Amino acid sequence: MNKKNILTGDRPTGRLHLGHYFGSLKQRAMLQDEYNTYIIIADVQALTDNFENPDKVRKNVREVVLDNIAAGIDPKKTTIFIQSMIPQIAELTVFYSNLVTVSRLYRNPTIKTEIGQKQHLFGSGGESVTYGFLGYPVSQAADITAFDGALVPVGEDQIPLIEQTKEIVRKFNKIYGDTLVEPDYMVGANSRIKGLDGNEKMGKSLGNAIYLNDDEETISKKIMSARTDTNKIKKDDKGNPDNCMVYYYHKLVSNDSLETINKECRNGSRGCVSCKKELIKNMIEFLKPMQERRKYYEDRPELIDEILRTGTAKALEKAEEVMKRVRKNMKIDYFS
Ligand code: TRP
């Protein structure tokens with residue numbers, strides 16, 4: 001009865017990949033018994049930088065639900081809901097926006113990085129950044145607090161957003177009295193997965209990601225072109241696994257054979273091609289149970305609809321309970 005709440009989620013802008021899995025999905029699946037878990041499909045947030053692509057956002061809502069279920073989220077235990085269907089989140093966002101300065105938002109490291117990456121939308125110096133995009137950390141604070149979220153399992157890139165939520169909560173509680181739960185974040189042990197090319201980040205736009213739903217041929221192709229130690233040219237050259245993306249991924253999915261792989265690479269008895277083939281096999285094996293779970297629901301789209309409908313109804317109830325507290329303490333509960 002006294003379980004604490006988790007609130008976390010994803011933007012429906014594309015399929016989820018290994019970076020999402022190790023950054024957040026794995027943790028949320030592990031914790032769903034211990035916590036009351038809410039997963040937000042953040043379509044409103046997705047629109048802040050996709051306002052011209054409503055079809056893309058809509059299409060990916062179901063994909064992201066499928067990916068969550070594939071990663072082990074049990075829709076019987078966990079509440080999955082659609083952000084835009086919870087008006088209380090929009091309401092809270094308006095009230096919280098009084099508690100945040102524009103300059104603080106510009107200084108948020110995640111916002112800063114993203115404005116830099118989205119020059120086509122927001123201009124080369126960020127001079128055309130929208131009010132909505134700049135303000136999405138405020139809306140994310142509403143996402144979390146509308147559900148009394150105490151813990152937020154997220155990837156490393158999200159930490160500044162949770163920090164900003166904490167600030168908003170403290171300020172709110174100080175002004176209006178103890179009302180909101182202050183959340184903590186939790187990042188996985190492998191909270192930032194590098195791309196196949198060695199790039200610090202695995203990302204859709206970078207073309208260096210393995211998706212949870214990639215088929216065998218795609219996985220093979222991607223791994224065969226992964227970056228290896230550039231000093232190991234011939235099969236029997238001694239290699240340094242620390243400079244090799246294939247070994248990096250072995251560390252994620254090849255626990256049992258890791259020591260052997262490391263030793264054989266270093267002493268020159270392991271060629272990169274066979275090493276890649278072994279990784280392909282292990283990766284396919286690793287993703288297989290996820291893909292089977294996904295397939296079951298993919299074949300039954302009416303189940304996904306039902307999960308979202310039930311989840312959203314339950315989420316609405318919780319958000320209204322929190323909203324009542326907020327209205328009362330802000331002295332805007334006029335007729336109650
Ligand atoms: N910002 C998250 C992402 O880009 C998605 C998200 C929206 C979220 N609201 C949230 C994550 C609340 C954690 C808590 O993936």
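Ala, Val, Leu, Ile, Met, Phe, Trp, Tyr, Cys and Pro count here as nonpolar, Asp, Glu, Lys and Arg as charged, and the others, Gly among them, as polar. Sorted in this way, the shell around the ligand has six nonpolar, five polar and two charged residues. The model described here is predicted.

**The chain**

The chain contains 15 helices and five strands. Along the principal axes, its C-alpha atoms fill a box of roughly 80 × 45 × 35 Å. A compact globule of 336 residues would have a radius of gyration near 20 Å, and the chain, with 22 Å, agrees with this.

**The ligand and its surroundings**

There are 13 residues around the ligand, and those that come nearest are Arg11, Gln45, Gln140, Asp143 and Gln158.

Two elements each give two or more residues to the shell around the ligand: the strand β1, residues 5-10, and the helix α9, residues 136-145. Two of the nearest residues, Gln140 and Asp143, have numbers that fall in the α9 range of 136-145.

Which pocket does the ligand take up? The space taken by the ligand is the largest pocket.

Conventions
Residues are numbered from 1 along each chain as its sequence is written. This is a predicted model: local features need pLDDT of at least 70, side-chain atom pairs count only at pLDDT 80 or more; totals for chains, interfaces and linings use all residues. Side-chain values use heavy atoms; hydrogens and water are left out. A residue is near a molecule or strand if one of its heavy atoms lies within 4 Å of it. On a 1 Å grid over the protein atoms alone, a cavity is a set of points where a 1.4 Å probe fits but cannot get out, and a pocket is an open set with protein on both sides within 12 Å along at least five of seven lines; lining residues have an atom within 4 Å of a point. A molecule sits in a cavity or pocket if more than half of its atoms lie within 2 Å of its grid points. Helices (H or I, at least four residues) and strands (E, at least two) are DSSP runs, numbered from the N terminus. The radius of gyration is taken over C-alpha atoms; the globule rule is 2.2 Å times the number of residues to the power 0.38.
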